[in-house]
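Please examine the sequence and the model shown below. The paragraphs that follow treat the sheet, the salt bridges and the pockets.

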Amino acid sequence: MPDTGIATIPDAPRYWLNNATVPACLVDANAAFLQDVPATDASSLLATDILIEDGKIAELRPTSTGSDSSSFTEDITICDLDGAMVWPGFVDMHTHLDKGHIWPRAANPDGTFIGALETAATDRIARWNAEDIRARMDFALRSAYTHGTTAIRTHLDSSAPQHQISWPVFTEFRQEWRGRIALQASSIIGIDGILDEFGTELATTVARHDGVLGVVTYMIDGMEAAIDRMFDLAIHHCLDLDLHVDETGDPGAVALRMVAERAVARKFDGRIVAGHCSSLACQDEADIDATLDLVAEAGIAVVSLPMCNMYLQDRTPGRTPRWRGVTLLHEMRARGIAVAVASDNTRDPFYAYGDLDPLEVFREAVRILHLDHPLGDWPSAITRWPADIIGLPDHGRIAPGLPADLVVCRGRNYSEILSRPQSDRTVLRDGRPIARDLPDYRELDLHMGKQ
């Protein structure tokens, strides 16, 4: 039976998780439970007892009301966590499940962004049939589930004819994984790829599969017209937008500002997510301020992909990188812009590493983006904030009445959580511990050309 390393969590319909440590920012509960947490100290860790009943969180109460078994008069199993941290299930809102795990057969020759684009495109044309995508997507989802993820949004390469292959496979997986991982998908195609009749075909395909319209908004001639075309398609087909934006260190890349301007001008009322936004960090302060004011006015949410951006951006063979490649999350938060961090690519030409483990993403984001001292409410960046951004208000938080989809880590505080990978975590789904055996890479050997 799975073990936290502190106490064995029972595979039972009803029990207490006693003496847990829970980030206050991840708790939705009654005011009485949180009344002692200072409003300015969202990073407070709460000593909490959690009652699990019939797969749901039935009750939360401060451990201080009685942390020993004598305070529990009911005949019920008590699991003493001895301060182990409990998080809600993770929400990974920007991934590429269709690209994942092709590195053994399609390695990036030099680690550059151009190398990634060319290598991935070559592999897609040659190898991405339904069977190949199905095998790699299944492997990725099993990995994410084992790590404790409850919701994923993936981008699907959607140039013709790939859109006719990948979207039906994704829809099959969304149904197959229902109740384990809530799956969403967004298209990804260069913005110039939607200017002709194919734009209508793609938007129709995305709408038919209950998806999100996504494009890569790199700078092209006629950019304003292209952005208007994107909004026309989204409005006509009632689609939200999830965009790859300014994934470059070129300060002249200002697609984020242009998208925000058009969103405001057109009074677009759908959701807009902008991923990456790397070039913003290379612009001068006046341009940054003007852009962020527009982003806030437009209600655009921003997701940073710290591991992938640090891997790709400012990479030149033989030269040490001069910047981190990430966007300005602190400044965005100060303006009330919704933000999150996510995995992005895994073991493909855009990022050679990764395993769809949001806790790893958070650990690295803290270091790369300086989210610490204090950590404040940044644990929300892999839980409740992305859940809210992509419209899943019951995910990424701990509250009575919600499913007991929890991640129990041996670490008792942020120092312990962030210093080790928490490989011995216990994942609960509907209150019951799951097997934590990650899939073996050997399963994919046949799809890597190995016999």
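A residue is called buried under 20% relative accessible area, exposed over 50%, and partly exposed in between, with a 1.4 Å probe and protein chains only. The model is predicted, so that local features need pLDDT of at least 70 and side-chain atom pairs count only at pLDDT 80 or more, while totals for chains, interfaces and linings use all residues. Residues are numbered from 1 along each chain as its sequence is written, and side-chain values use heavy atoms, with hydrogens and water left out.

Helices (H or I, at least four residues) and strands (E, at least two) are DSSP runs numbered from the N terminus. Three strands make an open sheet in the order β6-β7-β8, with parallel pairing; two strands pair if DSSP finds at least two bridges between them. Strands β6 (90–95) and β8 (182–188) form the edges and have a single partner strand each, so one side of each lacks a neighbour in the sheet. From one strand to the next, the twist averages 15°, where axes are lines fitted to C-alpha atoms, for helices over the stretch in contact, and angles run from 0 to 180 degrees between N-to-C directions. Strand β6 is joined by four bridges to the parallel strand β7 (residues 149–157), and V91 stands opposite A151 in β7.

The structure contains 29 salt bridges, a salt bridge being a side-chain nitrogen of Lys or Arg within 4 Å of a carboxyl oxygen of Asp or Glu. One of these pairs R134 with E172, whose closest N and O atoms are 3.3 Å apart. Because R134 belongs to helix α3 (residues 130–147) and E172 to helix α4 (residues 163–176), the pair ties together parts that are 38 residues apart in sequence. R134 is partly exposed at 32% relative accessibility, and E172 is partly exposed at 43%.

R142 counts as partly exposed at 26%, as does D138 at 21%.

D228 and R262 form a further salt bridge, with 3.1 Å between the closest N and O atoms. This pair links distant parts of the chain, 34 residues apart: D228 lies in helix α6 (residues 223–236) and R262 in helix α7 (residues 255–266). Is D228 buried or exposed? D228 counts as buried, at 18% relative accessibility, whereas R262 is partly exposed at 24%. Elsewhere, salt bridges that share partners join D28, R384, D388 and R397 into one network.

The pockets come next. On a 1 Å grid over the protein atoms alone, a pocket is an open set of points with protein on both sides within 12 Å along at least five of seven lines, and lining residues have an atom within 4 Å of a point. The largest pocket holds about 630 Å³ of space, a volume being the space filled by probe spheres set on the points. Of its 27 lining residues, L117, I188, V216, Y218 and F350 lie nearest the centre. Helix α2 (113–127) and strand β9 (216–217) are the elements that give two or more residues to this lining, and α2 provides the largest share, five residues.

The second largest pocket has a volume of about 270 Å³. It is lined by 19 residues, and T150, A182, H395, D405 and R429 are the closest to its centre.

Notes: On a 1 Å grid over the protein atoms alone, a cavity is a set of points where a 1.4 Å probe fits but cannot get out, and a pocket is an open set with protein on both sides within 12 Å along at least five of seven lines; lining residues have an atom within 4 Å of a point.
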